[in-house]
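Hi everyone, thanks for coming. Let me put the structure up on the screen and then walk you through a few parts of it.

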Amino acid sequence: MPSDLRQGKCQACEGGVEKLADDNVAGRIGSVPGWCLEQGSLCRDFQFKNFYETMAFVNAVAWIADRENHHPDMEIGYGHCLLRYSTHAVKGITENDFICAAQVNQLLE
């Protein structure tokens, strides 16, 4: 794992990337403050003052997802955005999910 996940780069999910073992995932969750494990995904519900701020955040997350070619599941509503990261190609959580979660956290620092 990179010493600073925010500087990490996602790897292509097909061909060679394996999901992390459950105990490894549990041991790493502290590296992405605010995120939790829920139904096989890294999850975090971000709260905002209004719909405009929510959508600005969604667009910033979309930019990260496009750059890293790793895309979260999103639920968007007035004043919140729930993100779920898991790597569908391997049916589990990978290093890519932690990298993207850390980069999303950096948006709000």
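Which residue in the hairpin of E3 and E4 takes a positive phi? That is glycine 79, with a phi near 80°, in a hairpin that has two residues between the strands.

Some background before we go on. This is a predicted model, where local features need pLDDT of at least 70, side-chain atom pairs count only at pLDDT 80 or more, and totals for chains, interfaces and linings use all residues. Residues are numbered from 1 along each chain as its sequence is written, and side-chain values use heavy atoms, leaving out hydrogens and water.

Strand E3, residues 73–77, pairs antiparallel with E4 over five bridges; pairing takes at least two DSSP bridges between two strands. On its other pairing, E4, residues 80–85, is joined by six bridges to strand E2, residues 41–47, again antiparallel.

Next, helix H2, residues 51–68, which contains phenylalanine 51. Phenylalanine 51 is partly exposed because its relative accessible area is 41%, between the limits of under 20% for buried and over 50% for exposed (1.4 Å probe, protein chains only).

Finally, glutamate 95 sits in helix H3, residues 95–107. With a relative accessible area of 19%, glutamate 95 counts as buried. Its C-alpha atom is 7.4 Å from that of leucine 20, 75 residues apart along the chain.

How values were computed. Helices (H or I, at least four residues) and strands (E, at least two) are DSSP runs, numbered from the N terminus.
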